[in-house]
Protein chains: 2
Amino acid sequence: MTDLSVDNITQHAITINSQCPDPRTRYLLERLTTHLHDFARETRLSTAEWSQAINFLTETGKTCTEVRQEFILLSDILGLSALVDSIDHPKPPGATQGTVLGPFHTHDAATLEAGAKLSYDEAGEELFVLCTVHDTQGRALAETRVDVWETDSSGRYDVQYSERVKPDGRGVMHTDAQGAFWFKAIKPVSYPIPVDGTVGKLLALMGRHSWRPAHMHFMLAREGYDTLITSLYPRGDKYETSDAVFGVKSSLVVDYGAVDEEMAKKYHVPVGTALLVYDFVLASEQEARELQDRNSLDALKKLGRNFKIVNGLPVPEVD
Amino acid sequence: MTDLSVDNITQHAITINSQCPDPRTRYLLERLTTHLHDFARETRLSTAEWSQAINFLTETGKTCTEVRQEFILLSDILGLSALVDSIDHPKPPGATQGTVLGPFHTHDAATLEAGAKLSYDEAGEELFVLCTVHDTQGRALAETRVDVWETDSSGRYDVQYSERVKPDGRGVMHTDAQGAFWFKAIKPVSYPIPVDGTVGKLLALMGRHSWRPAHMHFMLAREGYDTLITSLYPRGDKYETSDAVFGVKSSLVVDYGAVDEEMAKKYHVPVGTALLVYDFVLASEQEARELQDRNSLDALKKLGRNFKIVNGLPVPEVD
């Protein structure tokens, strides 16, 4: 086979790649080759444009450092991160929706006692957060590990300061016997994603802004349950419907309340403090896995091929 | 629009990206988003796989240097480079086929007199190259600029030696009044593409070898003609049908001859020296452009949308 043309090169590449011994990787390669080639054929991609893309990817790689991941940012603004999260972590009815992890989660957050301060930014507007965690049957989930992170009042995460000496605006806590956890934070604010790299240039080219609406990140983990990575978005942010990274879901948009007298007494918080209340509902691992498999097989039926699930991921059946 | 799901996020991303003021870029973004998202949906891409891809791209970027372009290599082994070349430089009947440029062309090759030495590698097997250049009407093309490059006898280009002080195995010459050019080279040999980077790891994962069949690169440029980037492949190489970068076309596979007495006398080459003879046929710029536009519109008809050609590239007609 040496007469490669615009029309037959894709099948030829797939045939050569079918030497790959792992069936899942082989399937990924087949779909990657097909879509990459179809993209070039459907756009009649020019050598000059291809060359610009090569340079863009190279520069994106050069922008990545230990504390900055420009390719994740690229995936975020193309909607790919949100999509992969939805595919890999589907939520059964009643379970809290997930959303993008983002690049600012760390593993060095301090463990907080119930009611402790998460943010030490004195310029921030005080916010009391009082949440519960349940399963889809309504049972309280005690001892759930809750990892929370938010920006400071200027819209920056602690890791974005080169002089950072210790974590701030983040903490790990555990739910009590009633599945509850509470802490003192500040109201999150909207902020732009970093625009001094290739992703910023691309957004400018697209005519898009770089802002994310205000949000607070949560990661909830408990044995036997599908880890929930999500965020809560206070209602009314001007970027609520145009999040640069496609993270908002209406079920995650929340209204602030205010701490009343009873609550003030119980949690030692001033009356009138802004209040964020939310009940997180976790899907069990089994619920999530069954839903994921069912979604996979349903979606793949459309491709007109037979699939089986191997290690939780689809591969085509060989006839 | 804040209830993004696996099924509606693509349309939402395309809508947001349609703020892009340039219609060609807007079309590229639309097709990129569609294929990227379809790839994730059809493979049910997992977060772990997505993360591996992010790391792969990052490492690929880090591998790129002034003298090494790992993303081009990646495009090459996926068949994308050959495809884009075929789309952007279609050849009318009778014109010589093009093939991949590869990453080893430089702009510092010496200008050679007719009959000069291209390679100073004494370990190489001598080869006399005698070619002509015509247009599709059979007219000789005098004063065509011919840029030639090949590896040494160990399968390496001069730029792959860190101690390189001047070009070797490459040269620029011009055709004479009869459209002819000739020079002294060495027989090209097969060689592996660099495998110490991410592309090497990917090839190993694919179960593919990294070899290119022996070839000599040619770039032919003349005003009014579509620049021809091509290679000639001596027949019988063991990698002829499995070129790692999909560069071989049967019309570019050639048989060696031997220098006869008359030729020996005329060109001052020993009788019996291996001989490579080829007639390159260049498409005019107009022929290439018309063919490209026609191919574009034919191919895009299949998408069921109306397109117009702007600056040689298709963009959808807005109703």
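Modeller: One definition comes before the strands: two strands pair if DSSP finds at least two bridges between them. The model is predicted.

Biologist: What makes β2 and β3 of chain A a pair?

Modeller: Strand β2 (residues 145-149) and strand β3 (residues 170-174) of chain A are joined by 5 bridges and run antiparallel. The requirement is at least two bridges, so the two strands count as paired.

Biologist: What is the strand order of the 5-strand sheet in chain B, and why are two of its strands called edge strands?

Modeller: The order in chain B is β3-β2-β7-β8-β9, an open sheet with mixed pairing. β3 (170-174) and β9 (253-254) of chain B pair on one side only, and are therefore the edge strands. In chain B, strand β2 (residues 145-149) pairs with β3(B) over 5 bridges, in the antiparallel sense. There B:Val148 has B:Gly171 as its bridge partner in β3(B).

Biologist: What makes β4 and β10 of chain A edge strands?

Modeller: They belong to an open sheet of 4 strands in chain A, with the order β4-β1-β11-β10 and mixed pairing. β4 (180-186) and β10 (257-258) of chain A each have a single partner strand, so one side of each lacks a neighbour in the sheet. Elsewhere in that order, strand β1 (residues 126-135) and strand β11 (residues 274-282) of chain A run parallel and are joined by 9 bridges. A:Leu130 has A:Val277 as its bridge partner in β11(A).

Biologist: Why is the relation between chain A and chain B called a two-fold axis?

Modeller: Chain A can be laid on chain B by a turn of 180 degrees with a shift of 0.0 Å along the axis, and the RMSD is 0.0 Å. That is the relation of a two-fold axis. A:Gly61 is the residue of chain A that comes closest to the rotation axis, with its C-alpha at 2.0 Å.

Biologist: How do you know that the copies meet through the same surface?

Modeller: 100% of the interface residues of chain A are also interface residues in chain B, so the surface is the same in both copies. The contact involves 72 residues of chain A and 72 residues of chain B. Among the elements giving two or more residues to the chain A side are α1 (9-17), α2 (23-43), α3 (47-63) and β13 (313-316) of chain A. α2(A) gives the most, with 16 residues. By class, that side has 37 nonpolar, 23 polar and 12 charged residues.

Biologist: What do the buried residues of α3(B) pack against, and how does the span of that helix compare with the expected one?

Modeller: Helix α3 (residues 47-63) of chain B has 17 residues and reaches 24 Å from its first C-alpha to its last, close to the 24 Å expected at 1.5 Å a residue. Its buried residues are B:Trp50, B:Leu57, B:Thr58, B:Thr60, B:Gly61 and B:Thr63. These pack against α3, α4 and α5 of chain A, together with α4 (70-77) and α6 (198-206) of chain B.

Biologist: Why is A:His268 called exposed?

Modeller: A:His268 has 10 other C-beta atoms within 10 Å. A residue is exposed if that count is 12 or fewer, so the label follows. A:His268 is placed in the loop between α7 (261-267) and β11 of chain A.

Biologist: What makes the phi of A:His268 worth noting?

Modeller: Most residues other than glycine have a negative phi. The phi of A:His268 is positive, near 60 degrees, and the residue is not a glycine. B:His268 also has a positive phi, of about 55 degrees. B:His268 lies in the loop between α7 (261-267) and β11 (274-282) of chain B, and it counts as exposed with 10 C-beta neighbours inside 10 Å.

Definitions and conventions
Residues are numbered from 1 along each chain as its sequence is written. Chains are lettered from A and ligands numbered from 1 in the order in which they are written. This is a predicted model: local features need pLDDT of at least 70, side-chain atom pairs count only at pLDDT 80 or more; totals for chains, interfaces and linings use all residues. Two residues are in contact if their C-beta atoms, placed from the backbone, lie within 7 Å. Ala, Val, Leu, Ile, Met, Phe, Trp, Tyr, Cys and Pro count as nonpolar, Asp, Glu, Lys and Arg as charged, and the others, Gly among them, as polar. Copies are superposed by least squares on the C-alpha atoms of residues with pLDDT of at least 70 in both. A residue is buried if 20 or more other C-beta atoms lie within 10 Å of its own, exposed if 12 or fewer, and partly exposed in between; C-beta atoms are placed from the backbone. The expected span of a helix is 1.5 Å times one less than its number of residues.
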